[in-house]
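I opened my notebook for another fold today. Here is what I looked up, in the order I went.

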Amino acid sequence: MSGKIGEWSMKASVMIRKVRRNAIDLDKYTACINQANNYRIYAEFWYLDVLTNQQWDCFVLNDYEAVMPLPYQKKFGVKIIYQPIYCQQLGVFHQRDLDQYTFNLFVKKLNFKIVRSYHFNEENTAQFNLKGSKSINQILNLSDGNTIEFDKKTKKNCKSFRNKKVEIDTTKSIEELLSFKKSNSTHISNYTQLQKLLHVLDKHHALAIHFAKKEDLLGYSCYIKSKNRLIYINSASSNLGKKHCVSTGLLEHMILENLNKELILDFEGSGIESISKFFSGFGSTKTYYTKYKNLWI
């Protein structure tokens with residue numbers, strides 16, 4: 001009998017409700033996100049607002065003890081959960097340890113939604129038994145420089161970059177970045193989203209951009225400051241920049257600039273083998289996050 005009473009008591013103390021974006025207590029939501037041991041800037045309300053045009057709801061545990069943001073798109077008046085671009089991981093963010101039972105309640109509620117794609121974060125994936133495909137992220141712990149070892153090709157390209165006397169500039173503007181991207185990238189379908197995101201990140205002092213130049217601009221790399229993570233969010237190189245190994249050189253510069261700090265360089269991984277191999281060349285390690293869906297068309 002005592003076991004049943006204990007189980008009933010636990011269930012009675014757990015209440016998860018869906019809250020629409022315009023009804024969220026932003027102070028409590030922000031406090032929950034910022035105190036979470038699995039913090040990601042992707043879950044900040046202002047970050048989601050700019051990527052979804054405020055089209056997201058949230059599952060909330062009790063008085064914001066845990067939250068699960070739910071971006072959606074509407075089709076014929078029906079909300080369909082999806083993972084926005086530039087937002088690799090969401091999932092459940094919690095201020096205290098979360099038990100399997102409570103986490104399962106979040107997942108159960110998600111099951112009743114139409115989900116085209118939803119990504120649970122690395123910590124959710126490691127801690128809980130999650131259904132769904134596992135995707136690879138790649139990270140580099142910068143706290144101990146003695147443990148970082150570049151592979152032979154990466155070392156060679158870093159040396160080539162340095163020998164070509166390429167200058168690294170942090171004074172250029174977001175608009176110069178966007179103009180360069182338009183001229184030198186074949187993948188600009190999400191240009192408007194990137195433009196909005198960079199400006200809001202800059203407003204929140206969460207953006208770092210490194211430009212490479214030698215008379216003309218050769219390329220750039222930009223990073224999101226997400227507390228103890230530097231997230232490699234976007235980059236581009238000109239044809240000349242590629243010959244100067246700009247992508248490798250800029251990443252080495254960021255690593256050396258932050259070496260032996262309590263930071264993680266988050267490459268965000270890639271399903272493209274050549275890009276994944278490029279990140280591996282810096283000594284990155286693999287972590288996993290879970291992709292969930294229940295809509296198969």
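The entries below go from the whole chain to single residues.

**Ground rules.** I worked on a predicted model, where local features need pLDDT of at least 70 and side-chain atom pairs count only at pLDDT 80 or more, while totals for chains, interfaces and linings use all residues. Residues are numbered from 1 along each chain as its sequence is written, and side-chain values use heavy atoms, with hydrogens and water left out.

**Whole chain.** I found 11 helices and 14 strands; these are DSSP runs numbered from the N terminus, helices being H or I with at least four residues and strands E with at least two. The radius of gyration is 21 Å, close to the 19 Å that the globule rule gives for 297 residues, so the chain is as compact as a globular protein of that length. That radius is taken over C-alpha atoms, and the rule is 2.2 Å times the number of residues to the power 0.38. Along the principal axes, the C-alpha atoms fill a box of roughly 75 × 45 × 35 Å. Of the 297 residues, 51% are buried (under 20% relative accessible area; exposed is over 50%, partly exposed in between, with a 1.4 Å probe and protein chains only).

**The sheet.** Next I traced an open sheet of 8 strands with mixed pairing, in the order β7-β14-β8-β13-β12-β11-β10-β9. Two strands pair if DSSP finds at least two bridges between them. At the edges stand β7 (118-120) and β9 (167-169), each with a single partner strand, so one side of each is left without a neighbour in the sheet. From one strand to the next, the twist averages 35°; axes are lines fitted to C-alpha atoms, for helices over the stretch in contact, and angles run from 0 to 180 degrees between N-to-C directions. I then zoomed in on β10 (residues 207-214) and β11 (residues 216-226), which run antiparallel and are joined by 8 bridges. Ala-212 stands opposite Gly-219 in β11.

**Helix α4.** Which strands does helix α4 lie across? I see α4 (residues 100-111) across β7 and β14 (285-292), running at about 175° to β7. Tyr-101 sits in this helix and is partly exposed, with a relative accessible area of 26%. I also checked Tyr-101 against Gly-145: they are 44 residues apart in sequence and 40 Å apart in space, C-alpha to C-alpha.

**Helix α10.** My last stop was α10 (residues 246-257), whose buried residues include Val-246, Leu-250, Leu-251, Met-254 and Ile-255.

Technical notes: Contact means heavy atoms within 4.5 Å.
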